[in-house]
Amino acid sequence: MIERDKNINWNPPKRSQLKLNIDAAWISADLPAGFSLILRNDAEILEQGRAGAFTASTPEEAEELGLLQGAKWATEIGLSNFTIEGDCKNLFDYLNGNESYLEWQNIPILDEAVNELESCIIFWGFYFV
């Protein structure tokens with residue numbers, strides 16, 4: 001059984017901002033992976049959400065494809081004044097210009113996500129939790 005720190009709490013975005021939380025689930029390359037997107041406001045109220053399945057060969061690729069889905073969704077709904085938060089350290093280190101140990105073949109996925117987000121008005125950045 002995995003023990004988790006019971007003191008970890010979700011923090012709302014800054015006043016008048018939105019936060020898009022992303023996560024992915026992966027079991028094996030032989031089974032579909034899944035992603036979930038949760039958009040909340042500064043009052044901690046769910047604004048919207050989305051989930052789906054895709055094929056991924058590694059857990060890291062699943063997280064990156066989940067981020068790409070989030071970026072495409074943000075563009076699709078015209079999201080603005082928001083941040084993106086997730087739990088894959090390598091992914092968020094890369095996105096924030098820090099040293100990262102990403103698998104080289106996954107970098108184009110993140111670059112595509114960043115390109116998608118460039119069309120969003122007031123995107124405040126990526127945060128690792």
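Modeller: What follows goes from the whole chain to that one residue. This is a predicted model, in which local features need pLDDT of at least 70 and side-chain atom pairs count only at pLDDT 80 or more, while totals for chains, interfaces and linings use all residues. Residues are numbered from 1 along each chain as its sequence is written, and side-chain values use heavy atoms, with hydrogens and water left out.

The protein chain holds three helices and five strands, arranged along the sequence as β-β-β-α-β-α-α-β; helices (H or I, at least four residues) and strands (E, at least two) are DSSP runs, numbered from the N terminus. Of its 129 residues, 39% count as buried, meaning under 20% relative accessible area with a 1.4 Å probe and protein chains only, where exposed is over 50% and partly exposed is in between.

E61 is buried yet has no salt bridge, a salt bridge being a side-chain nitrogen of Lys or Arg within 4 Å of a carboxyl oxygen of Asp or Glu. The nearest side chain of opposite charge to E61 is K72, 12 Å away; here Lys and Arg count as positive and Asp and Glu as negative, with His and the chain ends not counted. Leaving aside residues up to four places away in sequence, E61 touches A56, N106 and I109, contact meaning heavy atoms within 4.5 Å. As for charge in the chain as a whole, there are 9 positive and 21 negative side chains.

Notes
Charge placed at Lys NZ, Arg CZ, Asp CG, Glu CD.
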